[in-house]
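Here's a quick briefing to go with the chain you have open. Take a look at the fold first, then read on.

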Amino acid sequence: MAENPDPVSSVALTITEEKPTTSDQEPKRRKSIQIKHLMLPFTMFSFLLSLPILFSIIWLIYTRQYECEDLLSLPRLQIAIVIGLIIAFVVSNLVVYLRARFPVPGLLSVMVLLILMLIVGLGLVGAYKKEIRTIPGSPIWIRTKVDNEDNWNNIKSCIYETRTCDDLASSSSMLTAYDFTRRKLSSIESGCCKPPTSCGMEYVNATFWAEEEQEIDNSIPNDRDCDMWRNEENRLCYNCNACKEGFLRTLSGKWRKIGNFLVAMALLLIISHLILFVATMWDQYG
């Protein structure tokens, strides 16, 4: 009859055989914990990056349009950008929340949106040289629309009807010529409501300037805007190139800021989601 093996020896043998398995798994567990600790900051970073998008949505919804901006149908573009940012905000946070379940589909969906955001932003800042005329809100697109004679006639009438120059005259009626020159004017007020400084006219009030008698220097080219200026309330410098440039500067500045914001947010979110995706895949399959 065979002898029974010693129970103590069997237990000792079993423990001895299991020890290597435990020691092999320990480094993997440590790496997994380290990766999860690294993923937490990137998860928070991705969420915090989405907050400026939320704030920009609120700003674009509640900000008032610039005077006469609606004549170029730009408010529609603003609404489209708001809708796109809302979708990007929701998708970005869903991908972060569901990254463990759907890492690849989540990355693809958010990347498509972020690349579109980047393309729109680059268009608004004027990064494209050939196709820029067809991109609404881009600097050359705005200039092309404003240079159109029919559009500019409507814009001039709109600026006059908004009483921008009348408001300037009322608010500065008690100012001296020195105080008025130190006052910071908007681009439209400076271009449309007063003659160019180069004309050398004498200040009476914000919208009335007396032409000083001075010797004509033929070596200096005549500024056409000086001839276009009139002291009449409905004329002023609305026909001046300075008025058109002031309107262009105001409108282009706003849309360039929006474009810069879209480019910056798209690049930061792309980098954040790529790092989060790599960390997630490493945690699951590494």
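Predicted model: local features only at pLDDT ≥ 70, side-chain atom pairs only at ≥ 80, totals over all residues.

Residues are numbered from 1 along each chain as its sequence is written, and side-chain values use heavy atoms, with hydrogens and water left out.

**Overall fold**

- The chain has 10 helices and two strands, taking helices as DSSP runs of H or I with at least four residues and strands as runs of E with at least two, numbered from the N terminus.
- Along the sequence, the pattern reads α-α-α-α-α-α-α-α-β-β-α-α.
- Of the 286 residues, 36% are buried (under 20% relative accessible area; exposed is over 50% and partly exposed is in between, with a 1.4 Å probe and protein chains only).
- If you take contacts (heavy atoms within 4.5 Å) between residues at least 6 apart in sequence, 70% of them join residues at least 24 apart.

**Nonpolar core**

- The largest nonpolar core holds 59 residues, and Met117, Ile159, Phe247 and Trp255 have the most contacts inside it; such a core is a set of buried Ala, Val, Leu, Ile, Met, Phe, Trp, Tyr and Cys residues joined through side-chain atoms within 4.5 Å.
- Elements giving two or more residues to this core include α1 (7–62), α2 (74–97) and α3 (103–125).
- Helix α10 supplies the largest share of this core, at 13 residues.

**The α4/α10 pair**

- Helix α4 (residues 139–147) packs on α10 at an angle of about 150°, and the axes are 10 Å apart (axes are lines fitted to C-alpha atoms over the stretch in contact, and angles run from 0 to 180 degrees between N-to-C directions).
- That angle makes the two helices, α4 and α10, roughly antiparallel (over 145 degrees; under 35 is roughly parallel, 65 to 115 roughly perpendicular and the rest oblique).
- On the α4 side, the contact residues include Ile142 and Val146, while those on α10 include Phe247, Leu251 and Trp255.

- His273 sits in helix α10 (residues 241–285) and is buried, at 3% relative accessibility.
- Leaving out residues up to four places away in sequence, His273 touches Ser92, Val95, Val96, Leu107, Val110, Met111 and Leu114.
- Ile115 belongs to helix α3 and is partly exposed, at 42% relative accessibility.
- Ile115 and Ile270 are 155 residues apart in sequence, yet 8.2 Å apart in space, C-alpha to C-alpha.
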